[in-house]
Amino acid sequence: MFFMKSKATIIAIIMLITSILFLGCGQEEQQQQQAQKSQVKAMKVIQRDTPLTSEFAGQILAANEVKVQAKVSGNVVEKYVTGGQFVTEGQPLYKIDSSNYESAVLKARADLAQTEANLNNAKLDLYRDQKLLEDGAIAEQVVTTQAAQVRAYEAQAAANEALLQTALKNLDDTMVYAPMSGQLSVDDVATGTFASQGQTTLVTIGSSNPIFAQFSVSETDYLKFLNVQSLKSEAMNIDVTLTLSDGTEYPFVGQIVESDRELANNTGSLTIKAIFPNPSGLLLPGMFARVKLSGDTRPNSILVPQRAVQQLLGKSFVMVVGKDGKSEARTVKLGDKVGSYYIIEEGVTPQDTVIIEGLTNLQEGVDLAVTTVTAGEMGFTLAEVTSTYNSDTSTSSTPAASNSNSAKPAANAQ
């Protein structure tokens, strides 16, 4: 009886060892098969309503800026303002020494008075000669000569009148007034400075509300968002927003009001100005900001990350995870770039899963070991990367888009 129990125990131990060996072999075989598969990262294709936006480096400029220059030469004897002060149109700014111009006015008046006296005498002589001619007491040539003398004095009187007006204007120009309402710069000259006519800038004055944001767009972006008619139209379907250098969003929406007539030769970019309200004076000329253009929204756009797209011989394609777990190449037609993504016109569906990492030397029909990731994990974003025209490249830190394939925007998609 004891022998039978011992035999059963031995058989049970042998069976347990055999099953452990078989299990270990099976796991080892699975690990070997897994090791033979290509390790890739993949994510679901995104389908969502996608606004066409682009972001550019811009600079804030005064909508109106005037360099106030001296219209007459002389020393600045009075200064009625200080740098940085807000002034209104017509407000006195400077007084230039007027003594020489006062003397010029007195001389011009005296010359004009002398000419007018000579003219009156000549007219009296002409009247007398005409009477004598009627009586036949003098020759006709005398009257003709006197009439010419009257016309000469008339011309001289008109010239002296013009000189007097010029002298009066120069005297008035010794007082310098603000040509517009705005804020003065701090480059204002001091009392005692000699101002040369048409050369010396006394102060610069600029308006702060409204204010311009100037930026440059590439030819591609120009064709993407704008055309000549829309740039010059009052009703444009393009919103312009600003992100300031500290990352805050400017609370007012702007409108494109000016564009250059040609692309710059050295950069191939088009200079554009958008106007913004600036009631609080937050925006100052010279500030830098990111300018975002937002156009129409494309409904149910198919989006794949740019890094998933490969190009060969003029064609674009992506690798997707096939139903059998193998790699499958798809030729795609690319649309616009939107942040980290391409809009795909043809080639993939919202049900597809595209490979975004592990594409090096990956061929079609290869067994895949897929790690599914999200856009947030990969740092993908729908926000545009700032263009580099006349500025350093900067990348938006907007949160990444979700990998949801719903037509509605995902919760964490920006």
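**Notes on the predicted model**

1. Let me start with the sheet: four strands make up an open sheet, ordered β7-β6-β4-β9, with antiparallel pairing. The edge positions belong to β7 (175-177) and β9 (194-195), each of which has a single partner strand, so one side of each lacks a neighbour in the sheet. Strands here are DSSP E runs of at least two residues and helices are H or I runs of at least four, numbered from the N terminus; two strands pair if DSSP finds at least two bridges between them.

2. A word on the ground rules. This is a predicted model, in which local features need pLDDT of at least 70 and side-chain atom pairs count only at pLDDT 80 or more, while totals for chains, interfaces and linings use all residues. Residues are numbered from 1 along each chain as its sequence is written, and side-chain values use heavy atoms, with hydrogens and water left out.

3. Back at the sheet, β6 (residues 92-96) is joined to β7 by three bridges, and the two run antiparallel. Lys-95 has Met-175 of β7 opposite.

4. An α-helix has 3.6 residues a turn, so residues three or four places apart point the same way. After α2 comes Gly-136, with a positive phi near 75 degrees.

5. Thr-200 sits in the loop between β9 and β10 and counts as buried, at 16% relative accessibility. Its side chain reaches the backbone nitrogen of Ser-196 at 2.8 Å. Beyond neighbours within four places in sequence, Thr-200 is in contact (heavy atoms within 4.5 Å) with residues including Val-68, Gln-69 and Phe-194.

6. Ser-207 belongs to the loop between β10 (201-206) and β11 (211-218). Ser-207 is buried, with a relative accessible area of 9%. Not counting residues up to four places away in sequence, Ser-207 touches Ala-62, Ala-63, Asn-64, Met-180, Ser-181 and Gly-182.

7. Finally, Arg-261 lies in the loop between β13 (255-259) and β14 (269-276). Arg-261 is exposed, at 73% relative accessibility. Thr-271 is 10 residues from Arg-261 in sequence, and their C-alpha atoms are 8.8 Å apart.

Technical notes: Buried < 20%, exposed > 50% of the residue type's maximum accessible area, 1.4 Å probe, protein only. Polar contact = N/O pair within 3.5 Å; in protein donor to acceptor, adjacent residues only side chain to side chain.
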